[in-house]
Amino acid sequence: MTHDPLSSTPPPLPTGAARDPGDAWVEGDNGQRYWGRFGAAGLLAWHPEAGILLQHRAVWSHHGGTWGLPGGARKQGESAVDAAVREAGEEAGVPADAVEPLFESLFDLGYWSYTTVAVRVVRLFAPIVADAESVALRWVAIDEVDALPLHPGFAASWPALRAQLPER
């Protein structure tokens, strides 16, 4: 049975599956909630001709219906790079051997952090919707990113991230 990504409720866990301890909300003093007990990480996959890989987030997810980077909660003891590559593989079928690191950008609130891991795509691949967290995935030209309804966190960080990407 597949889950409708346009549904407002999250999919059930597979029979016998247990959530990772990192899959939990963290709440700040102001009531703002962030996903990932050990922080979170996302993959900014950049290809000189194709642009960047964006994920259209399922409606039931945090800031659902927006476009952002594949990513998610870090596991306990997991590096940001490992988490970003793992999550992008799980959500978008990103082959780990098709990317090489460029830079990392850290958003740190003290009690929660998000690391954007930027990579150069050295072997272009067709992304696949590999789980219920995505409505769609697509390569987006750098100049067209701002035209999409972006996840608020990604929208805030995009200008600085874009400035750090190589010209080609």
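Mentor: Let us take the labels one by one, keeping in mind that this is a predicted model.

Trainee: What pattern does the protein chain follow along the sequence?

Mentor: Reading along the sequence gives β-β-β-β-β-β-α-β-β-β-α. That goes with two helices and nine strands in the protein chain. Of its 168 residues, 42% are buried.

Trainee: Why is Leu161 called buried?

Mentor: Buried means under 20% relative accessible area. Leu161 has a relative accessible area of 1%, so Leu161 is buried. You will find Leu161 in helix H2, residues 152-164.

Trainee: Now the charged residues. What makes Glu78 and Arg86 a salt bridge?

Mentor: The rule asks for a side-chain nitrogen of Lys or Arg within 4 Å of a carboxyl oxygen of Asp or Glu. In Glu78 and Arg86 the closest N and O atoms are 2.8 Å apart. That distance is within 4 Å, so the pair counts as a salt bridge. In general, side chains of opposite charge can pair when their charged atoms come close.

Trainee: Are these two residues buried or exposed?

Mentor: Set each value against the cut-off of under 20%. Glu78 has 15% relative accessibility, so Glu78 counts as buried. Arg86 has 19%, so Arg86 counts as buried too.

Trainee: Which residues are linked with Arg86 in a network of salt bridges?

Mentor: The network links Glu78, Arg86, Glu87 and Glu90. Within it, Glu90 and Arg86 meet in a salt bridge with 3.3 Å from N to O. Both lie in helix H1 (residues 80-92), four residues apart, which is about one turn of the helix.

Trainee: Why is Asp143 called exposed?

Mentor: Exposed means over 50%. Asp143 has a relative accessible area of 64%, so Asp143 is exposed. Arg162 has 30% relative accessibility and therefore counts as partly exposed.

Trainee: What makes the nonpolar surface patch of about 260 Å²?

Mentor: Phe107, Leu109 and Tyr111 make it. A patch residue needs over 30% relative accessible area. Tyr111 has 37%, so Tyr111 passes that cut-off and is partly exposed. Tyr111 sits in the loop between strand E7 (99-108) and strand E8 (113-121).

Trainee: Last one: how many residues line the second largest pocket, and which lie nearest its centre?

Mentor: It is lined by 13 residues, with Trp46, Pro48, Ile142, Pro166 and Glu167 nearest its centre. The lining divides into eight nonpolar, one polar and four charged residues. The volume of this pocket is about 210 Å³.

Terms used
Residues numbered from 1 in each chain as written. Predicted model: local features only at pLDDT ≥ 70, side-chain atom pairs only at ≥ 80, totals over all residues. Heavy atoms only, no water. Patch = residues over 30% accessible without salt bridge, like charges linked within 9 Å, V, L, I, M, F, W, Y side chains within 5 Å. Areas by Shrake-Rupley, 256 points an atom, 1.4 Å probe, with all protein chains shown as cover. Buried < 20%, exposed > 50% of the residue type's maximum accessible area, 1.4 Å probe, protein only. 1 Å grid on protein atoms, 1.4 Å probe; cavity = no way out; pocket = protein on both sides within 12 Å on 5 of 7 lines; lining within 4 Å. Points joined across faces, edges and corners; volume = space filled by probe spheres on them. Nonpolar A, V, L, I, M, F, W, Y, C, P; charged D, E, K, R; others polar.
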